[in-house]
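Me: I have a new model open and want to walk through it with you. Can we go piece by piece?

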Amino acid sequence: MLFSMWETDELPSNFRAWLGQYDRILVPCDHNRELFGRYHPDVKVVPLGVDHSVWFPGDNPSGPFKFVAGGSLWMRKGLDIVVEAFRKAEIPGAELHIKAAPHAQDTPKQGFGDRVFLHREWMSAEETVAFYRSAHCVIAPARGEGWGLMPLQAIAAGIPTILSDTSGQSEFKDVATLVVPTVKQKSNTVGYWDQASVDDVAEAMREIHRDWVFYREVALGMVTKSKKYSWQKASQKLVRALPADRKRTRLNSS
């Protein structure tokens with residue numbers, strides 16, 4: 001059995017070559033069920049989840065209005081879109097903070113402009129939660145996601161969150177604060193992924209800033225709804241997705 005995911009509308013050839021050795025493929029979203037299902041007869045959806053004992057609302061953030069984005073791959077996560085949209089939004093006094101993985105090879109080293117701060121240091125789990133809780137708004141205009149755990153965690157913490165309507169993120173867009181549409185664009189790997197408009201993201205940023213108190217209440221109202229995406233529920237789906245013989249083995253060993 002294999003748990004895997006892919007973020008465009010076509011699987012790389014090396015993925016396809018290995019699928020036949022597995023009796024069942026587990027994927028986190030419907031986008032991947034359709035994609036892997038072209039090459040394997042037995043594909044089940046088992047989503048990722050949020051630990052609500054860790055990700056829950058904190059106090060209202062203080063200081064300058066802070067937008068936060070992050071991810072390990074600059075282009076796929078749409079971090080270039082975030083920077084351009086932040087410049088275009090021209091929100092006085094606002095800051096953009098980007099959490100980029102230290103090992104990411106495609107993260108630019110400069111050219112971000114004023115009031116854009118890049119964080120490339122490793123953070124502990126506690127530091128990561130505090131980093132996102134300091135945000136007035138989290139932005140995730142990814143071009144493709146197997147699931148999109150970071151924005152879902154932000155939603156569970158009651159932070160106003162802007163999503164692009166793409167692949168894995170579409171699974172939980174019902175609990176996002178604002179969702180920007182996408183169009184298909186050639187990816188930098190294989191196939192096509194989803195491109196959000198810089199103008200749409202900039203306008204969503206302005207909208208959150210204009211009426212933050214209102215959108216904070218909207219986001220807090222989504223916290224309870226986000227619990228349908230908990231790890232507990234995800235693990236229950238995993239158990240249901242196991243073949244019957246694997247379930248018997250698990251029960252006999254417990």
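Me: Let's start with Asp106. Does Asp106 count as buried, partly exposed or exposed, and what is the relative accessibility?
Reply: One caution before that: this is a predicted model. Asp106 has 29% relative accessibility, so it counts as partly exposed.

Me: Where is Asp106 found?
Reply: In the loop between β5 and β6 (116–119).

Me: What is Asp106 in contact with, leaving aside neighbours within four places in sequence?
Reply: Ser72, Leu73, Trp74 and Met75.

Me: And how far apart are Asp106 and Ala234 in space?
Reply: 32 Å, C-alpha to C-alpha. In sequence they are 128 residues apart.

Me: New topic, the whole chain. How many helices and strands?
Reply: Nine helices and 11 strands.

Me: What radius of gyration does the chain have, and what would a compact globule have?
Reply: The chain has 19 Å. A compact globule with 254 residues would have a radius near 18 Å, so the two agree.

Me: What does the C-alpha trace span along its principal axes?
Reply: About 60 × 40 × 30 Å.

Me: What percentage of the residues count as buried?
Reply: 50% of the 254. As for surface, the chain exposes about 12,300 Å², and carbon and sulfur atoms supply 53% of that.

Me: What share of the contacts comes from residues 24 or more positions apart?
Reply: 62%, counting contacts in the chain with a separation of 6 or more.

Me: On to the core. Which residues touch the most other members of the largest nonpolar core?
Reply: Phe67, Leu96, Ile139, Ile162, Val201, Met205 and Ile208. That core has 31 residues.

Me: Which elements give two or more residues to this core?
Reply: The strands are β4, β5 (95–100), β7 (137–140) and β9 (178–180). The helices are α3, α6 (198–210) and α7 (212–221). The largest share is seven residues, from α3.

Me: Take Ile162. What is Ile162 in contact with, neighbours within four places aside?
Reply: Cys137, Val138, Ile139 and Ala140 are among its contacts.

Me: What other core lies apart from the largest one?
Reply: One of 26 residues. Cys29, Val68, Leu163 and Ala176 are among them.

Me: Switching to rings. How many aromatic pairs does the structure hold?
Reply: 10. One of them is Phe67 with Phe86: the centres are 6.3 Å apart and the planes are at 70°, so this pair is edge-to-face.

Me: Which parts does the pair of Phe67 and Phe86 tie together?
Reply: Strand β4 (residues 66–71) holds Phe67 and helix α3 (residues 79–89) holds Phe86, so the pair ties together parts that are 19 residues apart in sequence.

Me: Are Phe67 and Phe86 buried or exposed?
Reply: Phe67 is buried, at 0% relative accessibility. Phe86 is buried too, at 4%.

Me: What about Phe214 and Tyr215, how do those rings sit?
Reply: Edge-to-face, with 4.9 Å centre to centre and 75° between the planes. Phe214 is partly exposed at 45% relative accessibility. Tyr215 is buried, with a relative accessible area of 10%.

Me: Which residues do ring pairs link into a cluster?
Reply: Trp55, Phe131 and Tyr132.

Me: And where does the charged end of Arg133 sit?
Reply: Over the ring of Phe56, 4.5 Å from its centre.

Me: Now helix α5. Why is α5 largely enclosed by the rest of the structure?
Reply: Because seven of its eight residues are buried. They are Met150, Pro151, Leu152, Gln153, Ala154, Ile155 and Ala156.

Me: What do the buried residues of α5 pack against?
Reply: β4, α4 (125–133), β7, β8 (161–164) and α7.

Me: Which residue just after α5 takes a positive phi?
Reply: Gly158, at about 75°.

Me: Last one, His136. Where does His136 lie?
Reply: In the loop between α4 and β7. At 7% relative accessibility, His136 counts as buried.

Me: What does His136 touch, not counting residues up to four places away in sequence?
Reply: Pro61, Ser62, Gly63, Pro64, Phe65 and Lys66 are among them.

Conventions: Residues are numbered from 1 along each chain as its sequence is written. This is a predicted model: local features need pLDDT of at least 70, side-chain atom pairs count only at pLDDT 80 or more; totals for chains, interfaces and linings use all residues. Side-chain values use heavy atoms; hydrogens and water are left out. Rings of Phe, Tyr and Trp (its six-membered ring) pair if their centres lie within 6.5 Å; planes under 30 degrees apart count as stacked, over 60 as edge-to-face and the rest as tilted. Helices (H or I, at least four residues) and strands (E, at least two) are DSSP runs, numbered from the N terminus. Buried means under 20% relative accessible area, exposed over 50%, partly exposed in between (1.4 Å probe, protein chains only). A charge sits over a ring if NZ of Lys or CZ of Arg is within 6 Å of the ring centre and within 35 degrees of the ring normal. A nonpolar core is a set of buried Ala, Val, Leu, Ile, Met, Phe, Trp, Tyr and Cys residues joined through side-chain atoms within 4.5 Å. Contact means heavy atoms within 4.5 Å. The radius of gyration is taken over C-alpha atoms; the globule rule is 2.2 Å times the number of residues to the power 0.38. Accessible areas come from the Shrake-Rupley method with a 1.4 Å probe; for residues, only the protein chains shown count as cover.
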